[in-house]
Amino acid sequence: MNDIRDLMLGGQTAPDALTREGPAIPLARPDRELDAHARKTLAQMEREIGLKYAAQNVSTWPYVAIALVCFAVFVATFPLAIMGVIPLWLGCAINSVFVAGGYVVSHEAMHSNLGREGTKARFWNELTGWIAAVPLILPFSMLKAMHLLHHQYTNDPIKDPDAIHAAPNVFMAVIKSWLNRQPGPIGTAARWRRHIGELGTPEAKAALKHTMAIQLVVLSFFFAMARSGYAIEVALLWWLPRHIGLSYIHAVLSWAPHQPHNGVGRYDSTAIIRHKLGHWGSLGIDFHLVHHLHPYIPVHACKAAYREMKPILEARGVDCSAH
Amino acid sequence: MEVALKKLFTVMPLIFGIGFIAPLIAQTMAAWHWEAPLGLTRIAFGLTIGAAWGLYATLRGRWV
């Protein structure tokens, strides 16, 4: 492995350049000023670190366990709240967390981080992806199709499904999230239909059918429960948590790491951020750049991977001042 | 089948208004011991609001 200092400083002596307290590498230095050899070597070094923390080299079974347990608790909140064992507000709070957290767990499955195709673990990857997305009332197939498009065309205002969340500040991001949930032509549903049409693959068409099927099944459940006198329970245990969770997903997991939504390059389409909710409160979104660079690294390992990658990212001109 | 489903989803806000919002309004009023105005039953009042709101959302493409 090359010495990172040689690559970044052209051999000049700067003993404190890589220390936490030191001046580090000039952040304004864009990676396009590096010659092709340096860029290639940096990419190799970055990939070596990425592979060290890749899903096959770190433990990912907790995601499966969390998905199974949370799904069981999610289902259990309905009888428990109806029978008065737990208060409705508690069920509402728990299920709101499950909606947002479920997306994060399902997200690992979208990148096949819980089991590659052709392996024995693939079943658990798919099972986790599907059940973790149930509280969202969206099928794993649709979430995966849209998320992979997001990775392919990050911040492209037309082609990136998540570009719909662009907003000038976090308050407007929450408002936008709600507006995007409206049933009309400006909403997420209409945009996703367009993306599915443009993809045109059998998988994309199946994802659209899955979306209609799961929404019909869940709405039928809503109507049946309401007809049976449990409309308030369903509203507080599923309808409201879904909206709270979606607001969190859009404002914290989508808007924050990509704003101002104008970078489309490998190193500027997202960033290393310090979120006001902290690392755990933002479900690890602060190292989102590492995820976009190496989606095969599970979210819990992105922080450790970033620590090792930081000098390389700085050499690329990435702003690493947040962490 | 697919065309029928697409048409069903086009009017889904109206169905949601009748099938879910209406009973939600009626049951919330009952839980808080509110009577419906104009001599209506709670569910009739809920259906009036739910259907009107759902129809508005269907026609306008937004709930508010």
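The model is predicted: local features need pLDDT of at least 70, side-chain atom pairs count only at pLDDT 80 or more, and totals for chains, interfaces and linings use all residues. Residues are numbered from 1 along each chain as its sequence is written, chains are lettered from A in the order in which they are written, and side-chain values use heavy atoms, without hydrogens and water.

**Stop 1: the domains of chain A**

Select 4-8, 22-52 and 265-315 of chain A for domain 1, then 57-257 for domain 2. These bounds come from an automatic or database domain assignment. The two centres, taken over C-alpha atoms, are 28 Å apart. Domain 1 of chain A puts 22 residues into the contact, and domain 2 of chain A puts in 23. Contact means heavy atoms within 4.5 Å. The two domains bury about 1,700 Å² between them, 60% of it on carbon and sulfur atoms. Buried area is the accessible area (1.4 Å probe) that two parts lose on being put together, summed over both.

**Stop 2: H5 and H6 of chain A**

Select 122-133 (H5) and 140-152 (H6) of chain A. Helices are DSSP runs (H or I, at least four residues), numbered from the N terminus. The H5(A) and H6(A) axes are 8 Å apart, at an angle of about 95 degrees. Axes are lines fitted to C-alpha atoms over the stretch in contact, and angles run from 0 to 180 degrees between N-to-C directions. The angle makes H5(A) roughly perpendicular to H6(A), a label for 65 to 115 degrees. Show A:Trp130 of H5(A) and A:Phe140 of H6(A), both among the contact residues. The contact residues divide into four nonpolar, two polar and three charged. Nonpolar means Ala, Val, Leu, Ile, Met, Phe, Trp, Tyr, Cys and Pro; charged means Asp, Glu, Lys and Arg; the others, Gly among them, are polar.

**Stop 3: chain A against chain B**

Now show both chains. In contact are 20 residues of chain B and 20 residues of chain A. They bury about 1,700 Å², 81% of it on carbon and sulfur atoms. Pick B:Phe9, B:Phe20 and B:Gln27: they supply 33% of the area that chain B buries against chain A, more than any other three residues. The salt-bridge count between the chains is zero.

**Stop 4: H10(A) on H2(B)**

Select 231-258 of chain A and 12-31 of chain B. Their axes are 8 Å apart, at about 110 degrees. H10(A) is therefore roughly perpendicular to H2(B). The contact includes A:Trp239 of H10(A) and B:Phe16 of H2(B). Its residues divide into ten nonpolar, two polar and no charged.

Note on methods: Helices (H or I, at least four residues) and strands (E, at least two) are DSSP runs, numbered from the N terminus. Angles under 35 degrees count as roughly parallel, over 145 as roughly antiparallel, 65 to 115 as roughly perpendicular and the rest as oblique. A salt bridge is a side-chain nitrogen of Lys or Arg within 4 Å of a carboxyl oxygen of Asp or Glu.
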